[in-house]
Amino acid sequence: MVALAAAVGREEGDAHDDRPVGVRAEPMILFGVLVGMGGLAAVVPVITRWLGRDTGYVLAAGFLALIGVLTPAVATVPDQDVIEAELPWLPIFGVTATVRLDGLSAVFVLLVLGVGALIMAYCPRYLSVGRHTRTYVLLTLFAAAMLGLVLAADLVLLFVFWELTTIASFFLIGGSGAHSARAATRALVITFGGGLALLAAVVLIIVETGTSYLPDILAQPELILDSPMIWPVGLLLVLAAFTKSAQLPFHAWLPGAMVAITPVSAYLHAATMVKAGIYLLMRFTPVYGGQVAWQAGLLIIGLATAIFGAALALRQHDLKALLAYSTVSQLGLLVAVTGVGTPHALTAAVAHTVAHALYKATLFMLVGIIDREAGSRDVRELSGLRRVMPVTAFLTALAALSMAGVPPMIGFVSKESLFQGLGEADVTSWAGPVAAGAGVAASILTFAYSVRIFRGAFAGPLMQRQLYEPHWQFLAPAAVPAVAGLVLGPGVAVLNPLTISAVLDMAPGVVVPPLVFWHGLSPELFLSAFTIAAGLLLFTVRGRMDRLLQAAPSTPEGMLFDRGFAGAHRLAGWLTRPGDARTPVSHLTGPVVGLVGLAVGALVAADRLPTPAPGTSRALDWPVLVLLVVATIGAALARRVLLALILLGLVGITVSAWFALAGAPDVALTLLLVEVLTAVAAVLAVRVMPDRFPAVPRRRSVVTAGLATVLGLVAAGGTLAFTGHRDRSRAGTYFLQFAEEETGGHNVVNTLLVGFRALDTLGETTVLGVAALGLVLLLRETARRDLPGDDPIVPGPPRQVSNRAVFQVTYRVLAPAMLTLSVYLFFRGHYAPGGGFIAALVAGIAVTFGWIAHGRVGGRVPIIRSLRAAPLVGGGLVLCLLVGLSASLRGEPFLTPTYTYLAGLPVSTSTLFDLGVYLVVLGLVVAVVDRLGGLGPAVAHRFTRPVEPANAGGAP
Amino acid sequence: MSTAIAVGVLVAAGTYLILQRGLVRIAFGFILLGHAVNLVLVASGGLQRRGAPFIGQRPTDEMADPLPQAFVLTAIVITFGITVYLLALARASVGSTEEQADEPSTGPATAPPADDAPPAAPGGNPGRDDRPPRGGAA
């Protein structure tokens, strides 16, 4: 009655857009628990250093402490008092990290923490002596993710935690050696597939309802039910749940996951993670619970899975595999009964979730104990263990009886309510009896395999006499849930406040039947009796049954998946084969041919040849062009590297001249300086290589030449068609008009670089920085290879320069002058050709000159000597970013320049930005000289080889 | 017209080089392609107006479009960065199997590296330092 009243009050609250009155904001508790769990994971590596495998006890205590923290909050849940906490997360999308503890969450939170504490207490005696940091960290992280999953009140948050549990599961499965990789991959791919479905569902729901706040969505089912997305969303949710909870046909990953160590199987793959799918279905029951298609889908798949899993379980000889299929089967029952959706059915779902977690975790732990003690978990090798391990046998019997649904265990209560719930299925008039019948069938098989577990290990003659009862510390974690299963049968009323509250979260406003141990002479009791009788009968004919089951045709587990996976790999290989080649040629031929095709298409579409725009050529262009063409063709055809380099320099100079003719002095100057540095870098790079290019077969040369010519024609045609036919760009005109006014500079190009389009420049500077650091790292490896045990930066000797003294003297005179010029160019950049690039390139040439003269960066000139690539690049980038952020601090867009007058001269933040660019460019040049200039012994050897015999004896 | 010819020749030569063997030629081809693209960019400002865009030096009407010039400045420096990185890659791969296979069998470089097993300290053996490296005269 109280519950009903509370439910009515809740319904009123939920019916409006406002949060229900009973919601309390309790940020400390909920986030505290999540952070506490993360904190536990963080300190695990420290604890394992002290305690080794006994760390599990500390973690168990931590889990229990978290239960203690949550208890006051959980205690108020039956009064429909929901607590909630939120943090801003993605405000643009209206997503907040909201967590919320209601009845349904509370059930799962207690499962996660309670079973978690038991498993953690089980680990120390199960694991071998050692630290096991990885296992403990992953288990704790998994618990944190699972907690987050069941507490999340925001769909995006729910999705994130959902995926985190998958990832933790993957690493925990894959952690037990090479043989587990396949199983781990299978589990990952299948559950990630479901995760993708969940993501799609989340996106669709947010699009349809306009919110990601779960309670609002659940309170207004019509938002989804009346939208065209009702079935896509429903299907995706079901897909996500079925993959996570191992329903047909996605069940294959769960038995495979049994390669993981027993604590993992017990915790993730029996008690908690596989229930996440059930949790998702339960969560969305307020929306979809009334839909016939939803009910039918869950019923059919769930019951099919239940019977299929139970039959396969009965076939297993490996106890762990048996338990895995049993889990598949029980999850099927849960799915089916959740699908029915009546108050009885939902109550049964919650009760059976709890009961299953209790007995299945117990059984896994006990099978682990048997495995450890007897060295096997195959029923064909085990026998008579009850004589040496009576306590283990007793506990196994308790848990197996609970699983079989025998009174007075909690499994009996939950099984009875399952029958009752399934009997209420009303998809069609005959659905109830059929569903209940299927449930009974699965339960008969369950009874049979429950007996099989006990009998397989403990009955019969004793074959391993040297065995003895495990230490009580090993047994205790399994004993607690086993005994709890016994006590909670008659004492099931203890669970009522929580189950009722959880059911009300799934079906607001209904009258929830309390769980009772004794229903009286109800139909369910007769079904239970029938189940037990039929199960016993099945046990008596087990020989025939076994032969029948073993003879049944079967495919190796997961073959369907493995085939599909291999097929996907083949498809991917086929799709990407064109990109799989090793040589640049095969990569580039496609794009080149494609470009030509595009041009031909454009020509056909335009139906006329491109014509030159009037007034775009001047008389002075032609001599430059002739020089350019000759040098370019020569550079392309040269066989000697050095000749190609010289001609390439000539090309650069003519292009630079062309830029000067085109009214771009800044560009011309920059290119000229870059050409000098490129030439130096190229010389440094190629001097360790053969002096001729590698030969290319004649036929290939001809083909590439033909292809190149066609592409050249295309480029020429495109240039002709697209340039000079329009007036100056509007942006360009704007800059010419307002550059001075807005930035105080006269050199419009420079104001663009450091002001208007500074973000471009920042990006470009970053590219340069990356190139410089790449150079440093790339050639550090080379230098190490060449020069073991020596400073890799020690550069190539300047000894090769015969008139080195002349260079050195010239350098000492010129270097200060060049640095001064560099500073001058830097500061005048705002008004005339110059700026950060050009100034840095001039300084870079000074650095290069120093290398030629002295064989190392700087020689004896103080400033240059102390230049190092990494600090220059890093400092420059940081400076650029700081300038950009200073604008943000002023409340203006990133990188907005500002300037003031100092002593009558305008001083702009752009100048500081330009300084950052200067530093990065200089850093790149230093890196080039430093790294490409390095000359290891392999190289020195090459140049000195003729004199080597004379020196051979004198070498140290 | 002149620009179009220049761009065509540069693209053809650059493509030809990129399709050859060896990273150095690919780097060289990349340089040529870079020039071509920069020419196109500047030309896109319209080559009818060719005055340098310095405010106060000439009427605005005669000034070239500054925007493509800024683009090209950025592009030149990035091209430089990529070129030296490509050259560094080529340099780093000296001694790797691919490059060795490409080397002509007649070079002095084919001597086994074991010859210099006790590496001379840099500069510590003046007798070895007389010969200039290739390209040193550039």
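Where in chain A does Pro408(A) lie? Pro408(A) lies in the loop between α18 and α19 of chain A. The model described here is predicted.

**Overall make-up**

Chain A has 40 helices and 5 strands in its secondary structure. Of its 956 residues, 54% count as buried. Among contacts in chain A with a separation of 6 or more, 78% are between residues 24 or more positions apart.

Most residues other than glycine have a negative phi, and most peptide bonds are trans.

| Peptide bond | State | Omega |
|---|---|---|
| Leu248(A) to Pro249(A) | cis | near -5° |
| Pro407(A) to Pro408(A) | cis | near 5° |

Pro249(A) is in the loop between α10 (230-244) and α11 (253-256) of chain A.

Two residues have a positive phi without being glycine. His132(A) has a phi of about 55° and is placed in the loop between α4 (103-126) and α5 (133-151) of chain A. For Asp607(A), phi is near 65°, and this residue sits in the loop between α26 (584-606) and α27 (621-637) of chain A.

His132(A) has 22 C-beta neighbours inside 10 Å, so it counts as buried. Asp607(A) has 6 other C-beta atoms within 10 Å and is therefore exposed.

**Helix α23**

Helix α23 of chain A runs over residues 523-540. At 1.5 Å a residue, its 18 residues should span 26 Å, and the end C-alpha atoms are 26 Å apart, which agrees.

Which residues of α23(A) are buried? They are Glu524(A), Leu527(A), Ser528(A), Thr531(A) and Gly535(A). These residues are on the same side of α23(A), because they cover an arc of only 100° around the axis. An α-helix has 3.6 residues a turn, so residues three or four places apart point the same way. The buried residues of α23(A) pack against α18 (390-404), α19 (410-423) and α20 (431-458) of chain A. On the other side of α23(A), Phe526(A), Ala529(A), Ala533(A) and Thr540(A) are exposed.

**A pair of helices**

Two packed helices are described by the angle between their axes and the distance between the axes. In chain A, the axes of helix α6 (residues 155-174) and helix α7 (residues 181-209) come within 9 Å and cross at roughly 175°. The crossing angle therefore makes α6(A) roughly antiparallel to α7(A). The residues of this contact comprise 17 nonpolar, 5 polar and 1 charged.

Key
Residues are numbered from 1 along each chain as its sequence is written. Chains are lettered from A and ligands numbered from 1 in the order in which they are written. This is a predicted model: local features need pLDDT of at least 70, side-chain atom pairs count only at pLDDT 80 or more; totals for chains, interfaces and linings use all residues. Helices (H or I, at least four residues) and strands (E, at least two) are DSSP runs, numbered from the N terminus. The expected span of a helix is 1.5 Å times one less than its number of residues. A residue is buried if 20 or more other C-beta atoms lie within 10 Å of its own, exposed if 12 or fewer, and partly exposed in between; C-beta atoms are placed from the backbone. The arc is that of the directions from the helix axis to the C-beta atoms. Two residues are in contact if their C-beta atoms, placed from the backbone, lie within 7 Å. Axes are lines fitted to C-alpha atoms, for helices over the stretch in contact, and angles run from 0 to 180 degrees between N-to-C directions. Angles under 35 degrees count as roughly parallel, over 145 as roughly antiparallel, 65 to 115 as roughly perpendicular and the rest as oblique. Ala, Val, Leu, Ile, Met, Phe, Trp, Tyr, Cys and Pro count as nonpolar, Asp, Glu, Lys and Arg as charged, and the others, Gly among them, as polar.
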